[in-house]
Amino acid sequence: MCAAETDAGTTVTPSAYRRLRRATETFRAELVVRLAGEVGLRPAEITRVRPGDVGTYDREGTDHYFLAVPDGDGGTDRRAYLPPDVEHDLRQFVRANDIDDDQRLVPVSPRRVQMLVAETGERAADRTGDERFRSVSSRTLRQFFARRLLAEEGVDPHVVATVGGWGSIERLERFLPDLDRGDVAAAFERTSLVEGVDGTAVGDGTAVGSRFDAAFERIRAAADALSTASTRDGIERQACDHLVDGDPYAVAWIGHQRGESISVTAAAGADGAELDGVSPDDGAVGEVLATDDVRTTEDVRSDSAFAAWRDHADAAGYRAATVVPVGNGESVDTVLGVGTTAPVTDRERALLSYLGRRLGQAITVVEQRRLLLADTVVELTFESDDPDSFFAGLSGEHDCTVTLDGVVPGEAGSLVYFVTLSGAGAEQVLSWATDRAAVDDARLVRDYGDESLLELVVSGSDVATALVEHGATVGEMEATSGTERVVGQVSAETDVRRLVSTVTDAFPETELVTKRERDRPAETPTAFRASLRDSLTEKQSAVLQAAFHAGYFEWPRGSTAEELADAIGITSPTLHNHLRRAQQKLLTAFFTDDQRPGDPESPWAED
(Lines give C-alpha, C1' and ligand atoms only; values in the text may rest on other atoms or scores of the structure.)
Protein backbone atom coordinates (compact mmCIF):
# COMPACT_ATOMS: atom_id res chain seq x y z
CA MET A 1 0.00 0.00 0.00
CA CYS A 2 1.03 3.59 -0.52
CA ALA A 3 1.84 5.37 2.71
CA ALA A 4 2.50 9.02 2.00
CA GLU A 5 3.84 11.12 4.84
CA THR A 6 2.73 14.68 4.37
CA ASP A 7 4.73 17.75 5.21
CA ALA A 8 2.81 18.27 8.43
CA GLY A 9 3.54 14.78 9.71
CA THR A 10 0.21 13.15 8.72
CA THR A 11 0.54 9.67 7.20
CA VAL A 12 -2.02 9.31 4.41
CA THR A 13 -2.74 5.81 3.16
CA PRO A 14 -5.51 4.92 0.72
CA SER A 15 -7.63 3.82 3.70
CA ALA A 16 -7.01 7.13 5.47
CA TYR A 17 -7.93 8.93 2.27
CA ARG A 18 -11.20 6.99 2.14
CA ARG A 19 -11.96 8.01 5.74
CA LEU A 20 -11.31 11.61 4.75
CA ARG A 21 -13.77 11.31 1.86
CA ARG A 22 -16.39 9.86 4.20
CA ALA A 23 -15.99 12.90 6.46
CA THR A 24 -17.25 15.26 3.73
CA GLU A 25 -20.76 16.57 4.39
CA THR A 26 -21.73 17.66 0.89
CA PHE A 27 -21.38 16.31 -2.63
CA ARG A 28 -19.42 19.45 -3.54
CA ALA A 29 -16.92 19.00 -0.68
CA GLU A 30 -16.28 15.39 -1.71
CA LEU A 31 -15.76 16.46 -5.32
CA VAL A 32 -13.23 19.08 -4.15
CA VAL A 33 -11.33 16.43 -2.16
CA ARG A 34 -11.30 14.05 -5.14
CA LEU A 35 -10.17 16.69 -7.64
CA ALA A 36 -7.20 17.45 -5.36
CA GLY A 37 -6.37 13.93 -4.19
CA GLU A 38 -7.07 11.92 -7.36
CA VAL A 39 -6.66 14.43 -10.19
CA GLY A 40 -3.92 16.58 -8.62
CA LEU A 41 -5.57 19.97 -9.05
CA ARG A 42 -4.55 23.07 -7.09
CA PRO A 43 -7.24 25.12 -5.26
CA ALA A 44 -7.27 27.84 -7.94
CA GLU A 45 -7.60 25.22 -10.68
CA ILE A 46 -10.54 23.55 -8.92
CA THR A 47 -12.42 26.86 -8.89
CA ARG A 48 -12.04 27.23 -12.70
CA VAL A 49 -13.15 23.77 -13.83
CA ARG A 50 -16.29 23.60 -16.01
CA PRO A 51 -18.18 20.55 -17.32
CA GLY A 52 -17.12 21.48 -20.85
CA ASP A 53 -13.47 20.99 -19.89
CA VAL A 54 -13.93 17.20 -19.72
CA GLY A 55 -13.01 15.26 -22.86
CA THR A 56 -12.83 11.62 -23.94
CA TYR A 57 -9.96 9.82 -25.65
CA ASP A 58 -10.41 6.37 -27.18
CA ARG A 59 -7.37 4.09 -27.05
CA GLU A 60 -7.78 0.62 -28.50
CA GLY A 61 -11.45 0.48 -27.59
CA THR A 62 -11.09 1.88 -24.06
CA ASP A 63 -12.38 5.33 -23.15
CA HIS A 64 -10.04 7.55 -21.12
CA TYR A 65 -11.12 10.87 -19.66
CA PHE A 66 -9.02 14.03 -19.60
CA LEU A 67 -9.62 17.40 -18.00
CA ALA A 68 -8.43 20.51 -19.84
CA VAL A 69 -7.28 22.51 -16.81
CA PRO A 70 -8.08 26.23 -17.35
CA ASP A 71 -5.16 28.60 -16.75
CA GLY A 72 -7.11 31.67 -15.63
CA ASP A 73 -6.56 33.57 -18.89
CA GLY A 74 -9.04 31.65 -21.01
CA GLY A 75 -6.51 29.05 -22.16
CA THR A 76 -5.53 25.55 -21.08
CA ASP A 77 -2.64 24.98 -18.67
CA ARG A 78 -2.44 21.20 -19.16
CA ARG A 79 -4.57 18.08 -19.58
CA ALA A 80 -5.03 16.19 -16.33
CA TYR A 81 -6.06 12.55 -16.28
CA LEU A 82 -9.57 11.99 -14.91
CA PRO A 83 -10.12 8.51 -13.40
CA PRO A 84 -13.42 7.00 -14.62
CA ASP A 85 -15.08 6.96 -11.19
CA VAL A 86 -14.14 10.61 -10.61
CA GLU A 87 -15.56 11.48 -14.04
CA HIS A 88 -18.75 9.59 -13.07
CA ASP A 89 -19.12 11.56 -9.82
CA LEU A 90 -18.40 14.81 -11.63
CA ARG A 91 -21.14 14.05 -14.18
CA GLN A 92 -23.60 13.21 -11.40
CA PHE A 93 -22.78 16.48 -9.62
CA VAL A 94 -23.38 18.42 -12.85
CA ARG A 95 -26.75 16.79 -13.40
CA ALA A 96 -27.89 17.17 -9.80
CA ASN A 97 -27.07 20.88 -9.79
CA ASP A 98 -28.12 21.63 -13.40
CA ILE A 99 -24.72 23.14 -14.28
CA ASP A 100 -24.16 24.28 -17.88
CA ASP A 101 -21.01 23.33 -19.79
CA ASP A 102 -19.54 26.84 -19.45
CA GLN A 103 -20.40 27.29 -15.75
CA ARG A 104 -17.90 26.67 -12.96
CA LEU A 105 -18.37 23.50 -10.93
CA VAL A 106 -17.15 25.12 -7.70
CA PRO A 107 -17.89 28.86 -7.98
CA VAL A 108 -15.96 29.94 -4.86
CA SER A 109 -12.56 31.49 -4.18
CA PRO A 110 -9.39 29.36 -3.96
CA ARG A 111 -9.23 30.33 -0.29
CA ARG A 112 -12.67 28.80 0.27
CA VAL A 113 -11.49 25.57 -1.38
CA GLN A 114 -8.60 25.44 1.09
CA MET A 115 -11.06 25.98 3.94
CA LEU A 116 -13.36 23.19 2.66
CA VAL A 117 -10.46 20.74 2.78
CA ALA A 118 -9.38 21.93 6.24
CA GLU A 119 -12.95 21.62 7.56
CA THR A 120 -13.16 18.08 6.19
CA GLY A 121 -9.93 17.21 7.99
CA GLU A 122 -11.33 18.60 11.24
CA ARG A 123 -14.44 16.44 10.92
CA ALA A 124 -12.33 13.36 10.12
CA ALA A 125 -10.29 13.98 13.26
CA ASP A 126 -13.44 14.38 15.37
CA ARG A 127 -14.96 11.17 13.98
CA THR A 128 -11.88 8.95 14.11
CA GLY A 129 -10.02 10.46 17.07
CA ASP A 130 -6.92 10.72 14.87
CA GLU A 131 -5.57 14.24 15.42
CA ARG A 132 -3.31 14.00 12.38
CA PHE A 133 -6.30 14.67 10.13
CA ARG A 134 -6.37 18.25 11.45
CA SER A 135 -3.22 19.07 9.46
CA VAL A 136 -4.64 17.86 6.13
CA SER A 137 -4.60 20.58 3.47
CA SER A 138 -5.09 20.90 -0.27
CA ARG A 139 -1.29 20.55 -0.60
CA THR A 140 -1.48 17.32 1.43
CA LEU A 141 -3.97 15.88 -1.05
CA ARG A 142 -1.95 16.93 -4.08
CA GLN A 143 1.16 15.33 -2.58
CA PHE A 144 -0.84 12.16 -1.86
CA PHE A 145 -1.83 12.15 -5.54
CA ALA A 146 1.83 12.22 -6.62
CA ARG A 147 3.11 9.68 -4.10
CA ARG A 148 0.32 7.22 -4.85
CA LEU A 149 0.94 7.27 -8.60
CA LEU A 150 4.72 7.05 -8.25
CA ALA A 151 5.17 4.65 -5.33
CA GLU A 152 2.10 2.42 -5.54
CA GLU A 153 0.95 2.52 -9.16
CA GLY A 154 4.43 2.81 -10.70
CA VAL A 155 3.42 5.53 -13.16
CA ASP A 156 6.32 7.07 -15.12
CA PRO A 157 7.48 10.26 -13.31
CA HIS A 158 7.37 12.16 -16.62
CA VAL A 159 3.67 11.31 -16.94
CA VAL A 160 2.96 12.35 -13.34
CA ALA A 161 4.81 15.65 -13.83
CA THR A 162 2.83 16.31 -17.03
CA VAL A 163 -0.68 15.56 -15.77
CA GLY A 164 -0.03 17.10 -12.34
CA GLY A 165 1.48 20.34 -13.62
CA TRP A 166 4.81 20.08 -11.81
CA GLY A 167 6.67 21.27 -14.90
CA SER A 168 9.67 18.97 -14.48
CA ILE A 169 10.50 15.56 -13.08
CA GLU A 170 12.97 17.19 -10.67
CA ARG A 171 10.10 18.67 -8.64
CA LEU A 172 8.78 15.14 -8.03
CA GLU A 173 12.03 13.80 -6.58
CA ARG A 174 10.82 14.16 -2.98
CA PHE A 175 7.86 11.86 -3.75
CA LEU A 176 9.87 9.09 -5.40
CA PRO A 177 10.69 6.01 -3.29
CA ASP A 178 14.34 5.43 -2.39
CA LEU A 179 16.03 2.90 -4.66
CA ASP A 180 18.81 0.47 -3.80
CA ARG A 181 20.92 -1.50 -6.24
CA GLY A 182 18.41 -4.34 -6.20
CA ASP A 183 15.66 -2.02 -7.39
CA VAL A 184 17.86 -0.67 -10.18
CA ALA A 185 18.94 -4.14 -11.26
CA ALA A 186 15.35 -5.38 -11.32
CA ALA A 187 14.28 -2.39 -13.43
CA PHE A 188 16.98 -3.05 -16.01
CA GLU A 189 16.19 -6.74 -16.19
CA ARG A 190 12.78 -5.78 -17.57
CA THR A 191 14.37 -3.89 -20.49
CA SER A 192 15.98 -4.94 -23.74
CA LEU A 193 19.30 -3.55 -22.50
CA VAL A 194 20.04 -6.64 -20.41
CA GLU A 195 19.79 -10.21 -21.67
CA GLY A 196 19.99 -12.56 -18.70
CA VAL A 197 22.66 -12.11 -16.08
CA ASP A 198 25.49 -11.62 -18.56
CA GLY A 199 24.07 -8.44 -20.11
CA THR A 200 24.29 -7.30 -23.71
CA ALA A 201 27.68 -6.33 -25.03
CA VAL A 202 28.28 -2.77 -26.21
CA GLY A 203 30.92 -1.36 -28.52
CA ASP A 204 33.94 -1.90 -26.28
CA GLY A 205 32.86 -5.37 -25.13
CA THR A 206 31.59 -4.18 -21.76
CA ALA A 207 28.19 -5.57 -20.71
CA VAL A 208 25.45 -2.97 -20.42
CA GLY A 209 24.42 -4.24 -16.97
CA SER A 210 27.95 -4.12 -15.53
CA ARG A 211 28.66 -0.78 -17.21
CA PHE A 212 25.57 0.86 -15.72
CA ASP A 213 26.40 -0.66 -12.34
CA ALA A 214 29.84 0.96 -12.50
CA ALA A 215 28.36 4.30 -13.62
CA PHE A 216 25.81 4.14 -10.80
CA GLU A 217 28.62 3.61 -8.26
CA ARG A 218 30.75 6.47 -9.63
CA ILE A 219 27.87 8.96 -9.74
CA ARG A 220 26.65 7.99 -6.29
CA ALA A 221 30.16 8.33 -4.86
CA ALA A 222 30.52 11.77 -6.45
CA ALA A 223 27.17 12.92 -5.05
CA ASP A 224 27.93 11.58 -1.57
CA ALA A 225 31.28 13.37 -1.52
CA LEU A 226 29.75 16.82 -2.06
CA SER A 227 28.85 17.24 1.60
CA THR A 228 32.47 16.79 2.71
CA ALA A 229 33.82 19.85 0.88
CA SER A 230 33.55 23.37 2.30
CA THR A 231 34.56 25.41 -0.77
CA ARG A 232 33.45 25.57 -4.39
CA ASP A 233 36.87 24.44 -5.57
CA GLY A 234 36.71 21.50 -3.18
CA ILE A 235 33.24 20.47 -4.36
CA GLU A 236 34.23 20.56 -8.03
CA ARG A 237 37.49 18.70 -7.44
CA GLN A 238 35.80 16.00 -5.34
CA ALA A 239 33.12 15.42 -7.97
CA CYS A 240 35.63 15.03 -10.81
CA ASP A 241 37.97 12.80 -8.78
CA HIS A 242 35.20 10.40 -7.76
CA LEU A 243 33.78 10.15 -11.28
CA VAL A 244 37.06 8.91 -12.79
CA ASP A 245 38.04 6.67 -9.86
CA GLY A 246 37.32 3.52 -11.89
CA ASP A 247 35.12 2.60 -14.85
CA PRO A 248 33.38 3.82 -16.96
CA TYR A 249 34.56 7.46 -17.13
CA ALA A 250 37.98 8.30 -18.54
CA VAL A 251 37.79 12.04 -17.87
CA ALA A 252 35.64 14.52 -15.99
CA TRP A 253 35.86 18.30 -15.95
CA ILE A 254 33.85 21.32 -14.80
CA GLY A 255 33.75 24.58 -16.72
CA HIS A 256 32.45 27.96 -15.61
CA GLN A 257 31.35 30.70 -18.01
CA ARG A 258 33.30 33.89 -17.51
CA GLY A 259 32.26 36.52 -20.01
CA GLU A 260 32.77 35.15 -23.52
CA SER A 261 34.79 32.10 -22.58
CA ILE A 262 34.63 28.86 -20.59
CA SER A 263 37.19 28.46 -17.83
CA VAL A 264 37.89 24.85 -16.79
CA THR A 265 37.98 25.09 -13.00
CA ALA A 266 38.41 21.39 -12.15
CA ALA A 267 39.43 18.27 -14.08
CA ALA A 268 40.43 14.67 -13.41
CA GLY A 269 41.63 11.75 -15.50
CA ALA A 270 43.21 11.82 -18.96
CA ASP A 271 46.70 12.18 -17.45
CA GLY A 272 46.45 15.96 -17.40
CA ALA A 273 45.32 16.43 -21.01
CA GLU A 274 43.91 19.94 -21.40
CA LEU A 275 40.62 20.79 -23.05
CA ASP A 276 41.04 23.91 -25.19
CA GLY A 277 38.75 25.87 -27.46
CA VAL A 278 35.49 25.30 -25.57
CA SER A 279 33.18 28.27 -26.08
CA PRO A 280 29.83 29.21 -24.54
CA ASP A 281 28.67 30.53 -27.92
CA ASP A 282 28.53 27.34 -29.94
CA GLY A 283 28.71 23.57 -29.84
CA ALA A 284 27.40 21.21 -27.19
CA VAL A 285 28.47 23.40 -24.27
CA GLY A 286 26.64 26.37 -25.74
CA GLU A 287 23.50 24.27 -26.22
CA VAL A 288 23.57 23.14 -22.59
CA LEU A 289 24.06 26.69 -21.29
CA ALA A 290 21.17 27.91 -23.44
CA THR A 291 18.69 25.06 -22.86
CA ASP A 292 19.65 23.68 -19.42
CA ASP A 293 19.46 20.18 -20.89
CA VAL A 294 21.96 17.31 -21.06
CA ARG A 295 23.78 16.84 -24.40
CA THR A 296 25.39 13.53 -25.38
CA THR A 297 27.22 12.08 -28.36
CA GLU A 298 28.33 8.58 -29.26
CA ASP A 299 31.38 9.82 -31.17
CA VAL A 300 33.02 13.21 -30.73
CA ARG A 301 34.90 12.74 -34.01
CA SER A 302 31.76 12.78 -36.14
CA ASP A 303 29.61 15.15 -34.10
CA SER A 304 30.22 18.78 -35.08
CA ALA A 305 28.82 20.02 -31.76
CA PHE A 306 31.82 18.36 -30.07
CA ALA A 307 34.48 19.54 -32.54
CA ALA A 308 36.44 21.28 -29.76
CA TRP A 309 36.73 17.95 -27.92
CA ARG A 310 38.43 15.91 -30.65
CA ASP A 311 42.09 16.48 -29.76
CA HIS A 312 41.26 16.01 -26.10
CA ALA A 313 39.42 12.74 -26.82
CA ASP A 314 42.39 11.41 -28.83
CA ALA A 315 44.79 12.28 -26.02
CA ALA A 316 42.57 10.92 -23.24
CA GLY A 317 41.34 7.81 -25.06
CA TYR A 318 37.59 8.25 -25.02
CA ARG A 319 34.99 8.32 -27.80
CA ALA A 320 31.58 9.19 -26.34
CA ALA A 321 30.93 12.31 -24.26
CA THR A 322 28.25 14.07 -22.24
CA VAL A 323 27.76 17.69 -21.13
CA VAL A 324 25.58 18.26 -18.07
CA PRO A 325 24.18 21.56 -16.75
CA VAL A 326 25.27 22.38 -13.19
CA GLY A 327 22.61 24.46 -11.51
CA ASN A 328 19.11 24.69 -10.11
CA GLY A 329 17.06 24.79 -13.30
CA GLU A 330 17.38 28.54 -13.83
CA SER A 331 20.06 30.39 -15.80
CA VAL A 332 23.08 28.05 -15.99
CA ASP A 333 26.69 29.23 -16.18
CA THR A 334 28.50 26.00 -15.19
CA VAL A 335 28.74 22.62 -16.94
CA LEU A 336 30.07 19.18 -16.13
CA GLY A 337 31.73 17.25 -18.98
CA VAL A 338 32.55 13.53 -18.99
CA GLY A 339 34.28 11.35 -21.56
CA THR A 340 33.74 7.58 -21.83
CA THR A 341 34.50 4.75 -24.23
CA ALA A 342 30.86 3.61 -24.70
CA PRO A 343 27.61 5.47 -25.43
CA VAL A 344 25.77 6.89 -22.44
CA THR A 345 22.35 5.28 -21.89
CA ASP A 346 19.15 7.21 -21.12
CA ARG A 347 19.13 6.03 -17.50
CA GLU A 348 22.78 6.98 -17.07
CA ARG A 349 22.00 10.36 -18.60
CA ALA A 350 19.26 10.86 -16.00
CA LEU A 351 21.72 10.04 -13.19
CA LEU A 352 24.28 12.50 -14.57
CA SER A 353 21.55 15.16 -14.75
CA TYR A 354 20.76 14.47 -11.09
CA LEU A 355 24.45 14.86 -10.21
CA GLY A 356 24.49 18.22 -12.00
CA ARG A 357 21.59 19.46 -9.85
CA ARG A 358 23.26 18.19 -6.68
CA LEU A 359 26.47 19.97 -7.69
CA GLY A 360 24.54 23.20 -8.26
CA GLN A 361 22.84 22.95 -4.87
CA ALA A 362 26.10 22.26 -3.06
CA ILE A 363 27.86 25.16 -4.79
CA THR A 364 25.01 27.54 -3.91
CA VAL A 365 25.21 26.55 -0.24
CA VAL A 366 28.96 27.13 0.08
CA GLU A 367 28.79 30.37 -1.91
CA GLN A 368 26.06 31.74 0.37
CA ARG A 369 28.04 30.66 3.42
CA ARG A 370 31.13 32.40 2.03
CA LEU A 371 29.03 35.49 1.42
CA LEU A 372 27.91 35.52 5.05
CA LEU A 373 31.54 35.44 6.23
CA ALA A 374 33.07 37.74 3.59
CA ASP A 375 34.74 40.98 4.66
CA THR A 376 33.61 42.69 1.45
CA VAL A 377 30.33 42.18 -0.39
CA VAL A 378 28.71 43.77 -3.44
CA GLU A 379 25.31 45.28 -2.76
CA LEU A 380 22.90 45.45 -5.70
CA THR A 381 19.64 47.38 -5.71
CA PHE A 382 17.02 46.57 -8.34
CA GLU A 383 13.77 48.39 -9.09
CA SER A 384 11.08 46.64 -11.11
CA ASP A 385 7.73 47.70 -12.53
CA ASP A 386 7.35 44.32 -14.21
CA PRO A 387 3.93 42.79 -13.44
CA ASP A 388 5.43 39.33 -14.04
CA SER A 389 7.47 39.77 -10.86
CA PHE A 390 5.12 38.38 -8.22
CA PHE A 391 5.44 41.03 -5.50
CA ALA A 392 5.34 43.89 -7.99
CA GLY A 393 2.17 42.39 -9.45
CA LEU A 394 0.63 41.87 -6.01
CA SER A 395 1.25 45.44 -4.87
CA GLY A 396 0.00 46.84 -8.18
CA GLU A 397 -3.16 44.74 -8.23
CA HIS A 398 -4.18 45.78 -4.70
CA ASP A 399 -2.53 49.24 -4.52
CA CYS A 400 -0.80 48.20 -1.31
CA THR A 401 2.67 47.89 0.23
CA VAL A 402 4.45 44.60 0.91
CA THR A 403 7.62 44.63 3.02
CA LEU A 404 9.94 41.66 3.52
CA ASP A 405 10.43 40.42 7.07
CA GLY A 406 12.38 37.28 6.17
CA VAL A 407 12.79 34.49 3.63
CA VAL A 408 13.81 30.84 4.08
CA PRO A 409 14.10 27.92 1.64
CA GLY A 410 11.05 25.69 1.23
CA GLU A 411 10.50 22.39 -0.53
CA ALA A 412 11.34 21.64 -4.16
CA GLY A 413 13.10 24.94 -4.77
CA SER A 414 10.35 27.16 -3.40
CA LEU A 415 11.00 30.07 -1.02
CA VAL A 416 8.92 30.85 2.06
CA TYR A 417 8.46 34.62 2.37
CA PHE A 418 7.25 36.33 5.53
CA VAL A 419 5.96 39.76 4.54
CA THR A 420 4.13 42.63 6.20
CA LEU A 421 1.08 43.80 4.24
CA SER A 422 -0.40 47.30 4.58
CA GLY A 423 -3.03 49.14 2.58
CA ALA A 424 -5.13 46.08 1.67
CA GLY A 425 -7.13 43.38 3.41
CA ALA A 426 -5.31 40.13 4.19
CA GLU A 427 -8.14 37.85 3.03
CA GLN A 428 -8.44 39.71 -0.28
CA VAL A 429 -4.71 39.42 -0.94
CA LEU A 430 -4.53 35.77 0.17
CA SER A 431 -7.42 34.82 -2.11
CA TRP A 432 -5.69 36.57 -5.04
CA ALA A 433 -2.29 35.02 -4.22
CA THR A 434 -3.58 31.45 -4.06
CA ASP A 435 -4.98 31.95 -7.56
CA ARG A 436 -1.49 32.65 -8.93
CA ALA A 437 0.62 29.91 -10.46
CA ALA A 438 3.69 31.37 -8.71
CA VAL A 439 2.29 30.60 -5.23
CA ASP A 440 2.16 27.12 -3.72
CA ASP A 441 0.54 28.20 -0.47
CA ALA A 442 -0.45 31.34 1.45
CA ARG A 443 -1.75 32.01 4.94
CA LEU A 444 -2.30 34.75 7.50
CA VAL A 445 0.15 34.58 10.41
CA ARG A 446 -0.91 37.68 12.39
CA ASP A 447 -3.49 40.43 11.97
CA TYR A 448 -2.35 43.69 13.57
CA GLY A 449 -5.28 45.81 12.41
CA ASP A 450 -3.70 48.27 9.98
CA GLU A 451 -1.08 45.68 9.00
CA SER A 452 -0.87 41.91 8.73
CA LEU A 453 1.91 39.34 8.58
CA LEU A 454 1.56 36.86 5.70
CA GLU A 455 3.40 33.67 4.85
CA LEU A 456 3.73 33.06 1.09
CA VAL A 457 5.33 29.94 -0.39
CA VAL A 458 6.57 31.15 -3.78
CA SER A 459 7.94 28.83 -6.46
CA GLY A 460 7.26 31.07 -9.46
CA SER A 461 8.89 34.16 -10.92
CA ASP A 462 9.94 37.16 -8.85
CA VAL A 463 12.99 39.43 -8.86
CA ALA A 464 13.84 38.58 -5.24
CA THR A 465 13.45 34.86 -5.92
CA ALA A 466 15.70 35.10 -8.99
CA LEU A 467 18.45 36.73 -6.91
CA VAL A 468 18.27 34.08 -4.17
CA GLU A 469 18.34 31.28 -6.76
CA HIS A 470 21.59 32.72 -8.13
CA GLY A 471 23.39 32.75 -4.79
CA ALA A 472 22.53 36.23 -3.50
CA THR A 473 21.14 37.03 -0.07
CA VAL A 474 18.17 39.39 -0.05
CA GLY A 475 18.21 41.76 2.89
CA GLU A 476 15.47 44.16 1.83
CA MET A 477 12.42 44.00 -0.39
CA GLU A 478 9.52 46.41 -0.60
CA ALA A 479 6.80 46.56 -3.24
CA THR A 480 4.43 49.53 -3.40
CA SER A 481 1.67 50.12 -5.96
CA GLY A 482 3.32 48.05 -8.67
CA THR A 483 6.98 48.98 -8.07
CA GLU A 484 9.25 46.46 -6.36
CA ARG A 485 12.59 47.43 -4.82
CA VAL A 486 15.00 44.62 -3.92
CA VAL A 487 18.41 44.92 -2.23
CA GLY A 488 20.65 41.85 -2.52
CA GLN A 489 24.24 41.06 -1.63
CA VAL A 490 26.67 38.87 -3.57
CA SER A 491 30.31 37.98 -3.06
CA ALA A 492 33.00 40.14 -4.60
CA GLU A 493 33.91 37.30 -7.01
CA THR A 494 30.41 37.12 -8.53
CA ASP A 495 30.03 37.88 -12.23
CA VAL A 496 27.72 40.84 -11.58
CA ARG A 497 27.22 41.69 -15.26
CA ARG A 498 25.91 38.20 -15.97
CA LEU A 499 23.68 38.23 -12.88
CA VAL A 500 22.16 41.59 -13.83
CA SER A 501 21.63 40.40 -17.41
CA THR A 502 19.89 37.26 -16.14
CA VAL A 503 17.49 39.26 -13.94
CA THR A 504 16.69 41.93 -16.54
CA ASP A 505 16.20 39.34 -19.30
CA ALA A 506 13.64 37.55 -17.12
CA PHE A 507 11.98 40.81 -16.06
CA PRO A 508 12.44 43.42 -18.85
CA GLU A 509 10.86 46.26 -16.86
CA THR A 510 13.61 46.02 -14.26
CA GLU A 511 16.83 47.98 -13.83
CA LEU A 512 19.86 47.98 -11.58
CA VAL A 513 19.78 51.35 -9.80
CA THR A 514 22.81 51.03 -7.50
CA LYS A 515 25.88 48.87 -7.17
CA ARG A 516 28.41 49.35 -4.41
CA GLU A 517 30.99 47.45 -2.40
CA ARG A 518 30.50 47.29 1.33
CA ASP A 519 33.04 46.39 3.99
CA ARG A 520 31.96 44.40 7.00
CA PRO A 521 33.65 45.40 10.25
CA ALA A 522 35.42 42.53 11.97
CA GLU A 523 33.60 42.71 15.32
CA THR A 524 29.93 43.54 14.95
CA PRO A 525 26.59 41.85 15.67
CA THR A 526 26.61 40.90 11.97
CA ALA A 527 29.92 39.09 12.42
CA PHE A 528 28.52 37.26 15.45
CA ARG A 529 25.43 36.21 13.49
CA ALA A 530 27.59 35.07 10.57
CA SER A 531 29.71 32.98 12.94
CA LEU A 532 26.61 31.44 14.48
CA ARG A 533 25.07 30.71 11.08
CA ASP A 534 28.25 28.93 10.08
CA SER A 535 27.79 26.56 13.02
CA LEU A 536 24.19 25.80 12.03
CA THR A 537 23.31 23.38 9.29
CA GLU A 538 21.33 24.77 6.37
CA LYS A 539 18.13 23.10 7.62
CA GLN A 540 18.62 24.27 11.21
CA SER A 541 19.09 27.84 10.03
CA ALA A 542 15.99 27.69 7.81
CA VAL A 543 13.81 26.26 10.59
CA LEU A 544 15.04 28.79 13.15
CA GLN A 545 14.44 31.75 10.82
CA ALA A 546 11.02 30.48 9.77
CA ALA A 547 9.98 29.98 13.41
CA PHE A 548 11.14 33.51 14.31
CA HIS A 549 9.40 35.26 11.42
CA ALA A 550 6.21 33.20 11.80
CA GLY A 551 5.80 34.22 15.44
CA TYR A 552 6.44 30.73 16.81
CA PHE A 553 8.34 32.13 19.81
CA GLU A 554 5.72 34.78 20.61
CA TRP A 555 2.96 34.36 23.17
CA PRO A 556 0.39 33.53 22.11
CA ARG A 557 2.10 31.81 19.20
CA GLY A 558 1.58 33.20 15.73
CA SER A 559 2.10 29.78 14.14
CA THR A 560 2.00 26.17 15.26
CA ALA A 561 4.76 23.66 14.63
CA GLU A 562 2.47 21.88 12.15
CA GLU A 563 1.92 25.07 10.14
CA LEU A 564 5.65 25.75 10.05
CA ALA A 565 6.43 22.20 8.97
CA ASP A 566 3.86 22.40 6.18
CA ALA A 567 5.32 25.66 4.84
CA ILE A 568 8.94 24.47 4.84
CA GLY A 569 8.17 20.99 3.52
CA ILE A 570 9.24 18.73 6.40
CA THR A 571 7.50 16.61 9.01
CA SER A 572 6.60 18.02 12.43
CA PRO A 573 9.05 15.73 14.33
CA THR A 574 11.83 16.74 11.95
CA LEU A 575 11.03 20.41 12.53
CA HIS A 576 11.23 19.95 16.31
CA ASN A 577 14.54 18.12 15.95
CA HIS A 578 16.15 20.88 13.85
CA LEU A 579 14.64 23.60 16.03
CA ARG A 580 15.94 22.14 19.31
CA ARG A 581 19.44 21.64 17.89
CA ALA A 582 19.50 25.18 16.50
CA GLN A 583 18.30 26.63 19.82
CA GLN A 584 20.98 24.69 21.66
CA LYS A 585 23.69 26.15 19.42
CA LEU A 586 22.23 29.64 19.78
CA LEU A 587 22.12 29.45 23.58
CA THR A 588 25.58 27.88 23.73
CA ALA A 589 27.01 30.76 21.69
CA PHE A 590 25.30 33.29 23.92
CA PHE A 591 26.03 31.80 27.35
CA THR A 592 29.43 30.12 26.93
CA ASP A 593 31.99 31.74 29.26
CA ASP A 594 29.25 34.04 30.54
CA GLN A 595 28.33 34.55 34.19
CA ARG A 596 27.14 31.43 35.97
CA PRO A 597 25.11 31.02 39.20
CA GLY A 598 27.40 31.63 42.13
CA ASP A 599 29.63 34.14 40.33
CA PRO A 600 30.17 37.37 42.29
CA GLU A 601 27.99 39.45 39.95
CA SER A 602 25.38 36.78 39.33
CA PRO A 603 21.81 37.74 40.26
CA TRP A 604 21.56 34.30 41.87
CA ALA A 605 24.52 34.83 44.20
CA GLU A 606 23.71 34.42 47.89
CA ASP A 607 23.50 37.60 49.94
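Modeller: A salt bridge is a side-chain nitrogen of Lys or Arg within 4 Å of a carboxyl oxygen of Asp or Glu. The model here is predicted, and a search of the whole structure finds 31 salt bridges.

Biologist: Which residues are linked in a network of salt bridges?

Modeller: The network links Arg21, Glu30, Arg34, Glu38, Asp85 and Asp89. Take one pair from it. Arg21 bridges to Glu38, with 3.9 Å between the closest N and O atoms. Arg21 belongs to helix H1 (residues 14-22), while Glu38 sits in the loop between helix H2 (27-37) and helix H3 (43-48), so the pair ties together parts that are 17 residues apart in sequence.

Biologist: Are Arg21 and Glu38 buried or partly exposed?

Modeller: Buried means under 20% relative accessible area, and exposed means over 50%. Arg21 has 21% relative accessibility, so Arg21 counts as partly exposed. Glu38 has a relative accessible area of 12% and is buried.

Biologist: How far apart are the closest N and O atoms of Asp89 and Arg34?

Modeller: They are 2.5 Å apart, and the two residues form a salt bridge. This pair links distant parts of the chain, since Asp89 is in helix H4 (residues 84-97) and Arg34 in helix H2, 55 residues apart. Asp89 is buried at 14% relative accessible area, and Arg34 is buried at 3%.

Biologist: Which residue forms a salt bridge with Asp299?

Modeller: The partner is Arg301, and the closest N and O atoms are 3.7 Å apart. Asp299 is partly exposed at 23% relative accessibility, and Arg301 is partly exposed at 43%.

Biologist: Now a helix. Which residues of helix H17 are buried?

Modeller: Helix H17 covers residues 496-506, and its buried residues include Val496, Leu499, Val500, Thr502 and Val503. These five span an arc of only 160 degrees around the axis, which means that they are on the same side of H17. On the face turned away from that buried side are the exposed residues Arg497 and Asp505.

Biologist: Where is Glu383 placed?

Modeller: Glu383 lies in strand E11, residues 376-384. Its relative accessible area is 33%, so Glu383 is partly exposed.

Technical notes
Residues are numbered from 1 along each chain as its sequence is written. This is a predicted model: local features need pLDDT of at least 70, side-chain atom pairs count only at pLDDT 80 or more; totals for chains, interfaces and linings use all residues. Side-chain values use heavy atoms; hydrogens and water are left out. Helices (H or I, at least four residues) and strands (E, at least two) are DSSP runs, numbered from the N terminus. Buried means under 20% relative accessible area, exposed over 50%, partly exposed in between (1.4 Å probe, protein chains only). The arc is that of the directions from the helix axis to the C-beta atoms.
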